[in-house]
Amino acid sequence: MNKTERGIMSSLLVVVTVTCVLVSRAECLNSTTPTPLNSCKAFSTCDSCIQNPKCLWCMTNDTCTDYPVSYILPPPAVCKLSQARWGVCWVNFEALIIAMAVLGGTIIISITVFCCCCCCCKKRQSGPDRDEERFARKREEIRQRADERKVERKVRHDDIRKKYGLVPDSDHPYSKFENE
């Protein structure tokens, strides 16, 4: 498992852990609040109504009704979304839906960007290796050409030295005479 995969796994582990903690805490809070034996119609205020998660407060007619569990969202016959309250009195269902959609979209986009960045970083890490190979090949070619030019220069210089008798131990007629 490489560094990127370990990072993704640790991020997922953190998300799962936080989700489990929040869900277990919410269930603990719900289990500590006593559920009234009365029906939701017995509640007369929003605060007392929303303490029971099975109840829905409608601001239009100030009534507490049973949450219609057969629907995900309460139908307009029960209460308009802009007037329905569940969980807290200061947030209506429309705002709650919009907030949850924005939050969910942000999480999905964040996960997508994170995965794309991990993939791009993985590609970038393999990229410099190719570049380094290319630069190493160019350096080697330049070094070989320089060595070839050096050898050619040495041959030319030796030829010139030989022509003018500057090479020691040569049998050329212009070589220097040694004193006897």
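Keep in mind that the model is predicted.

| Pair | S to S distance | S-S torsion |
|---|---|---|
| C40 and C55 | 1.8 Å | about -80 degrees |
| C46 and C89 | 2.0 Å | about -120 degrees |
| C49 and C64 | 2.0 Å | about 75 degrees |

**C40 and C55**

Let's start with C40, which is joined to C55 by a disulfide. C40 sits in the loop between helix 1 (3–32) and helix 2 (46–50), while C55 belongs to strand 1 (residues 55–58). The two cysteines are 15 residues apart, and their bond links distant parts of the chain. Buried or exposed, what are C40 and C55? Both of them are buried. The torsion about their S-S bond is about -80 degrees, so this disulfide is left-handed.

**C46 and C89**

Next up is the bond between C46 and C89. Its S-S torsion is about -120 degrees, so the disulfide of C46 and C89 is left-handed. Where do these two cysteines lie? C46 is in helix 2 and C89 is in strand 4 (residues 88–92), so the bond ties together parts that are 43 residues apart in sequence. Once again, C46 and C89 are both buried.

**C49 and C64**

Helix 2 also holds C49, whose partner C64 lies in strand 2 (residues 63–66), so this pair ties together parts 15 residues apart in sequence. Why is the disulfide of C49 and C64 called right-handed? The torsion about its S-S bond is about 75 degrees, so right-handed is the word for it. Both C49 and C64 are buried.

**The overall pattern**

Now number the bonded cysteines along the chain and see who pairs with whom. The disulfides then follow the pattern 1-4, 2-8, 3-6, 5-7.

**A cysteine without a partner**

What about C115? C115 is in no disulfide. The nearest cysteine sulfur belongs to C118, and that is 6.4 Å away. C115 is partly exposed, with a relative accessible area of 33%. C116 is partly exposed as well, with a relative accessible area of 42%.

Conventions: Residues are numbered from 1 along each chain as its sequence is written. This is a predicted model: local features need pLDDT of at least 70, side-chain atom pairs count only at pLDDT 80 or more; totals for chains, interfaces and linings use all residues. Side-chain values use heavy atoms; hydrogens and water are left out. A disulfide is a pair of cysteine sulfur atoms within 2.5 Å. Helices (H or I, at least four residues) and strands (E, at least two) are DSSP runs, numbered from the N terminus. Buried means under 20% relative accessible area, exposed over 50%, partly exposed in between (1.4 Å probe, protein chains only).
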